[in-house]
Amino acid sequence: MNVVLFGATRGIGRAIGRRLAGVPGHRLVLLGRDLVEVERSAADLELRGGSAELVAAVGHCDLLDPSGFAAALDLAWNALGGRADAVIVTAGMFGTQAELEADRERCRRMLEADFYGTVLFCEAARERLLGQGGGTLCVLSSVAGDRGRSPVVLYGAAKAGLSAYLEGLDHRYRRRGLRTVCIKPGFVRTSMTEGLPTPPFAADPDAVAAITLRAVANGSPVVYAGAIWRWVMLVVRALPRFVMRRVGF
């Protein structure tokens, strides 16, 4: 399988890269914002003796700079011999509600990266996947987008928009061969969440990576990581507003 991985330098993306690199027959291209970090991730995979072929490490692909998307994807496609079976997007930004309320510029960057930039990158990837007859576009969203909640008003709004976009994409293009996969993790222990209180059902990056790759293989349109979040969010979506205001969940 030829895979383009955007966001391979840390957390879930790095865990996905390590899993892919351990499987013979995979050909892998890493995309990221910082060329030094992308090359460091590539070196990490090589040191681990990965069985996959790491065909390229493409640098500047930044969710805050959509002008670079086309060039990065062109390089990736060329490195893979003109075809990618899957594009996996784990890149994104996070901030607590308090941090985002206190820093308007940080809030703007998060909203731009997690919605506007991600959607534009997906549109560029969609065109290339459809142009070759199909493929899988897998994107990490979040359970934070399933319902408006007071601790994640701003971050949740960006992820809600992203999840809605991915669902619409799936409805519109699956019959033409584009399999859109939306992964919805709960709290994941990564550098982005370091220092935050760990809630129930917290997951490690490798567990989310395993779930993500199973979803890519199966083409499942929406997958919660872990599975318990499907039931948790089913209850949360059913709660009346007056209850949500009181519980502060």
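**Exercise 1. In which helix does Ile12 lie, and what surrounds this residue?**

Find Ile12, then list its contacts.

*Solution.* Ile12 lies in helix H1. Helices here are DSSP runs of H or I with at least four residues, strands are E runs of at least two, and both are numbered from the N terminus. The model is predicted: local features need pLDDT of at least 70, side-chain atom pairs count only at pLDDT 80 or more, and totals for chains, interfaces and linings use all residues. Residues are numbered from 1 along each chain as its sequence is written, and side-chain values use heavy atoms, with hydrogens and water left out.

Step 1: check burial. Ile12 has 12% relative accessibility, so Ile12 counts as buried. Buried means under 20% relative accessible area, exposed over 50%, and partly exposed in between, with a 1.4 Å probe and protein chains only.

Step 2: list the partners. Contact means heavy atoms within 4.5 Å. Leaving aside neighbours within four places in sequence, Ile12 is in contact with Thr90, Leu140, Val188, Pro205, Val208 and Ala209.

Step 3: look at one pair. Pro205 is 193 residues from Ile12 in sequence, yet their C-alpha atoms are 4.6 Å apart.

**Exercise 2. Describe how H1 and H2 meet.**

*Solution.* Step 1: take the axes. The axes of H1 (residues 11-21) and H2 (residues 35-47) come within 10 Å and cross at roughly 35°. Axes are lines fitted to C-alpha atoms, for helices over the stretch in contact, and angles run from 0 to 180 degrees between N-to-C directions.

Step 1: assign the hand. The crossing is right-handed. That is, the near helix is turned clockwise from the far one by less than a right angle.

Step 2: name the residues. From H1 come Arg14, Gly17, Arg18 and Ala21; from H2 come Glu37, Ser41, Asp44 and Leu45. By class, this contact has two nonpolar, two polar and four charged residues. Ala, Val, Leu, Ile, Met, Phe, Trp, Tyr, Cys and Pro count as nonpolar, Asp, Glu, Lys and Arg as charged, and the others, Gly among them, as polar.

**Exercise 3. Follow the chain from H7 to Gly226.**

*Solution.* Step 1: H7 (residues 205-218) has 14 residues and reaches 20 Å between its end C-alpha atoms, close to the 20 Å expected. Its buried residues include Pro205, Val208 and Ala209. Their cover includes H1, S4 (86-89), S5, S6 and S7 (222-225).

Step 1: Gly219 follows H7, with a positive phi near 75°.

Step 2: Gly226 sits in the loop between S7 and H8 (228-238). The peptide bond from Ala225 to Gly226 is cis, with omega near 0°.

Notes:
The expected span of a helix is 1.5 Å times one less than its number of residues.
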